[in-house]
Amino acid sequence: MQLESFSLPDADILFYPVFFNQAQGNQLFERLLNEIHWENGTVKIFGKILAEPRQTAWYGDEKLVYTYSGKQQQTKAWTEVLLIIKQKIEAILTVQFNSVLLNLYRNGKDSVGWHSDDERELGQNPVIASISFGASRTFQLKHRANS
């Protein structure tokens, strides 16, 4: 498995261009589409409640609560397909994850704005794993202080 690593003054980024091979990725993507309980939610941005321009789902360990953009979520129990993905990530990174926020971008109009992943529940220096399935999308990172 090819790895590209980037060290920044206050972050480390590990990039695996091919984390799952094409066949595995397609199979996992189909299962995620069909087995996850996707929600059309709302978010609070600058005091306004807006429809999220994507579908989301939050799964994880029992009784966890996660709040972002004024939206509080309770975990749904891990599914078999999520555990397959989780176990591979944990084996490679040697980090334990307790939850996953899934985002489904249905078309080129779905999106998400810049976000910080700095919610209190994530801890002081959170480790974030991000895996994309389906169509290619540009994944952008922006330094909070130096951009």
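In which helix is E90 found? E90 is found in helix α2, where helices are DSSP runs of H or I with at least four residues, strands are DSSP runs of E with at least two, and both are numbered from the N terminus. The model examined here is predicted, so that local features need pLDDT of at least 70 and side-chain atom pairs count only at pLDDT 80 or more, while totals for chains, interfaces and linings use all residues. Residues are numbered from 1 along each chain as its sequence is written, and side-chain values use heavy atoms, with hydrogens and water left out.

E90 counts as buried, because its relative accessibility is 10%; buried means under 20% relative accessible area, exposed means over 50%, and partly exposed lies in between (1.4 Å probe, protein chains only). Residues up to four places away in sequence not being counted, E90 touches V95, Q96 and F97, contact meaning heavy atoms within 4.5 Å.

A nonpolar core is a set of buried Ala, Val, Leu, Ile, Met, Phe, Trp, Tyr and Cys residues joined through side-chain atoms within 4.5 Å. The largest such core has 18 residues, and those with the most contacts inside it are L32, I36, L82, I85 and L102. Two or more residues are given to this core by each of α1 (22-35), β5, α2 and β9. The element that gives the most is α2, with four residues. I85 is in contact with F20, L28, L32, I131 and F133, its neighbours within four places in sequence being left aside. In soluble globular proteins, nonpolar side chains tend to be buried together.

Charged side chains were examined next. Side chains of opposite charge can pair when their charged atoms come close. The structure holds six salt bridges, a salt bridge being a side-chain nitrogen of Lys or Arg within 4 Å of a carboxyl oxygen of Asp or Glu. In one of them, the side chains of E52 and R54 meet at 3.1 Å, N to O. E52 counts as buried because its relative accessibility is 6%, and R54 likewise counts as buried, at 8%. Elsewhere, salt bridges that share partners join R31, E35 and E80 into one network. E35 counts as partly exposed because its relative accessibility is 38%. R31 also forms a salt bridge with E80, the closest N and O atoms being 3.1 Å apart. Because R31 lies in helix α1 and E80 in helix α2, this pair ties together parts that are 49 residues apart in sequence. E80 is exposed, with a relative accessible area of 54%.

Most residues other than glycine have a negative phi, and most peptide bonds are trans. K63, although not a glycine, has a positive phi of about 65°. This residue, K63, lies in the loop between β5 (55-60) and β6 (65-68), and K63 counts as exposed because its relative accessibility is 69%. T94 is not a glycine either, yet T94 has a positive phi of about 50°. The loop between α2 (80-93) and β9 (99-104) is the place of T94, which is exposed with a relative accessible area of 70%.

D61 is placed in the loop between β5 and β6. With a relative accessible area of 33%, D61 is partly exposed. Beyond residues up to four places away in sequence, D61 touches T75, W78 and N98. The side chains of D61 and W78 are joined by a polar contact of 2.9 Å; such a contact is a pair of N or O atoms within 3.5 Å, and within protein one atom must be able to donate a hydrogen and the other to accept it, residues adjacent in sequence counting only if both atoms are side-chain atoms. By C-alpha atoms, D61 and A11 are separated by 26 Å and lie 50 residues apart along the chain.

A further loop residue, F46, is found between β3 (42-45) and β4 (48-51). F46 counts as exposed because its relative accessibility is 84%.
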